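Dear colleague,

I am handing over the structure we spoke about, and below it you will find what I noted while going through it. Please read the notes with the coordinates open beside them.

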Amino acid sequence: MSGFSVTEPSKRQKWFAGILVITYAMVTLMPLLWIIATGFKSPEDAISYPPKVIFEPSLEGYVNLFTTRTRVTTSMEETLLPPETWYDEIARDSGTVISGPTRYGQRFTNSVIIGFGSTFFSIFFGTLAAYAFSRFRVPIKEDLLFFILSTRMMPPIAVAIPIFLMFRQLGLNDTHLGMILLYTAVNLSLSVWLLKGFIDEIPLEYEEAALIDGYTRFQAFYKVVLPQAATGIASTAIFCLIFAWNEYAFAVLLTSGSAQTAPPFIPTIIGVGGQDWPAVAAGATIFLIPVMIFTILLRKHLLRGITFGAVRK
Amino acid sequence: MAQIIIKNLRKDFGNFTAVKSSSFTIEDGEFFMLLGPSGCGKTTTLRMIAGLELPTSGEIYIDGEEVSQKRASQRDIAFVFQMFALYPHMNVRQNISYPLKSQGMPKAKVKERVAKVAKILGIEDILNKPVGGLSGGDRQRIALGRAIVREPKAFMMDEPLGALDAEFREHMSAELRALHDRMGATTVYVTHDQLEAMQMGDKIVVMNHGSVEQFGVPQDIYDWPATMFVATFIGSPSMNFLRFNGTVGIGDTSVELDGHVFEVPSQLEGCKGEIAFGVRPEHVTLDPEEGYSGKVIAIEYLGTSQIVTLETPNGTLKARIASTQEVVVGEMAGISFNPKTVTLFNNETGVALLSVNNKGVLSDG
């Protein structure tokens, strides 16, 4: 007979847990897989019923995402030169010629600038504020912290109209700076609170040791505290980025052209020449990639970040 | 190496006064103990000397220079923390060399210094290991290494042995004392362990409720406590107090306990009211001939000696006597005291009354 252990789960329990996790993962991953698959379908396959699980992959969606096209008749097509590139060829197959690029690339770049920019500032100011709250005797500290938290107590969109008017007055409408400021402001409460938690966990003695060892307060902060807070900074950065990256409502309201991010742009793809679901799906798929890479790069920290405080180092 | 002078040092945290007007002098090369129960202000005092807290008022002189409002980094002292505070993202070598890097010392010289320190502490073989997996003793050695590598004017140690287990603490305290004797640097050491303070210190300051109760060499503090608090805090078991109501006049050489006359050192200070007759357990003898007696209520056997607890008309009394002497629980035993060692205290204020014997110790403190 095998030994019985209180803490070690039995084989059956392990199986059960495994199946549960796989089922849950499938439920949550399903929409994601659906989007990725749709991006590689032809427009006909994308709307076929019953849905096609096995289909002939096509890059038409991606071509349509990045290009504007003009429909040509068969007689006209014969007068054209043979297609030069693979994407020319894909467009020609569906009876169109490429007439220029779309603005997806530019919108995507806006998302990167605004998403990462606001994340940087949220972390930068968040770390400084959290450090000060954690280490210094700040007058009315508790009230200030509550005030910072209270900005999160309503949905940000509740203040959309005042913000819209403010932005118009200040000329921040449809600018990168305006969006970075806005997302930084919304994220700061989260980053201050999260980071304060992490910095509180770092024993004061480390800095004091550095102060005694001949370093200034600021040197002690960035040479001793920051490396210790790396886990917290990384996980806070992920939360901030995900918010700024996915934000839709303010982006619709405050941007329309040069600073428009990808989320309000993607739905507009659908309107260009019929319901082009593969192009929409392609846009969404590409949009997922940066956050995915960022999260994978920082995932070790993320896991420790979520469980912070639970296990003492 | 330096002499440290503390003058009227005070520290308030809001409405709470952590340290009230402390004054004492630490001579160059001394191993100086700050002793007291938790919350007595000893750590705050140490941190003020180190520059980790700024005093509310008062002066601190290190080597004749007034430093009380200067930053820690400008005072050239080293600090050893109770929890070691080794930088967890650095390995042993980096930890030890970190203070030298702040001075911009050339790499070759840093290496040489670190090697020298590692040899003194016997940690040469772990220099390239991360600090995470090391034992408490090794961490303690590294923390010491980080302190001595800079060759500072003085060392501050905040219960450096507090985090070690009992067996290892013994070993480390001997090592620390040997290290101090070898380097001859002024060391200020905070502890709540009176035994540790007696063992290691050249001089002791006993603190309570933010004030200095007594300051002197261990022997003097043990033999001639300035207050009942010091008498209780130092020594195990602590000093006995037999309380009685009466009057002590200047020049008196005896007091009366429950109708029995006991000799005391010639008094230089009088007192009226409740008085405590203080005597250390080893200065109590059990003698059947004596009239003054108590009932034996407990015996603790300690090998060569035994602690006998007696119930006397003036309160409980502990006597440390040879374990060869036969004592029976429940029986009465006659009690006498070594008259030269007795200290009388004003039981209300807790302060010792001056006598010819403790005058030398108490009049300058």
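This is a predicted model: local features need pLDDT of at least 70, side-chain atom pairs count only at pLDDT 80 or more; totals for chains, interfaces and linings use all residues.

Taken along the principal axes, the C-alpha atoms of chain B fill a box of roughly 75 × 45 × 35 Å, and of the 365 residues in chain B, 42% count as buried. If one considers the contacts in chain B with a separation of 6 or more, 67% of them are accounted for by residues 24 or more positions apart.

Turning to where the two chains meet, the contact draws 16 residues from chain B and 14 residues from chain A. On the side of chain B that touches chain A, the elements giving two or more residues are β6 (77-80) and α2 (92-102) of chain B, and of these α2(B) gives the most, with 3 residues. By class, that side of chain B divides into 12 nonpolar and 4 polar residues, with no charged ones.

The crossing in which α2(B) passes α4(B) is right-handed. On the α2(B) side the contact is made by B:V92, B:N95, B:I96, B:Y98 and B:P99, while α4(B) brings B:I142, B:G145 and B:R146; by class, this contact has 5 nonpolar, 2 polar and 1 charged residues.

Next, the nonpolar cores. The largest of them holds 137 residues, of which B:F79 and B:M156 touch the most other members, and its largest share, 11 residues, comes from helix α9 (residues 176-201) of chain A. Once its neighbours within four places in sequence are left aside, B:F79 is in contact with A:A209, A:I212, B:A50, B:A147 and B:M156. Apart from this core lies another, of 16 residues, which includes A:V63, A:F265, A:I269 and A:A282.

As for handedness, α10(A) passes α11(A) in a right-handed crossing. The residues that make this contact are A:Y206, A:E207, A:A210 and A:L211 of α10(A), together with A:R217, A:Q219, A:A220, A:K223, A:V224, A:V225 and A:Q228 of α11(A), and by class they comprise 6 nonpolar, 2 polar and 3 charged residues.

Finally, one residue of chain A deserves a separate note. A:N246 lies in helix α12 (residues 230-246) of chain A, and, with 15 other C-beta atoms within 10 Å, A:N246 is partly exposed. A:N246 and A:G115 are 131 residues apart along the chain, yet their C-alpha atoms are separated by 8.8 Å.

With kind regards

Definitions and conventions:
Residues are numbered from 1 along each chain as its sequence is written. Chains are lettered from A and ligands numbered from 1 in the order in which they are written. Two residues are in contact if their C-beta atoms, placed from the backbone, lie within 7 Å. Helices (H or I, at least four residues) and strands (E, at least two) are DSSP runs, numbered from the N terminus. Ala, Val, Leu, Ile, Met, Phe, Trp, Tyr, Cys and Pro count as nonpolar, Asp, Glu, Lys and Arg as charged, and the others, Gly among them, as polar. A crossing is left-handed if the near helix is turned anticlockwise from the far one by less than a right angle, and right-handed if clockwise. A nonpolar core is a set of buried Ala, Val, Leu, Ile, Met, Phe, Trp, Tyr and Cys residues joined through C-beta atoms within 7 Å. A residue is buried if 20 or more other C-beta atoms lie within 10 Å of its own, exposed if 12 or fewer, and partly exposed in between; C-beta atoms are placed from the backbone.
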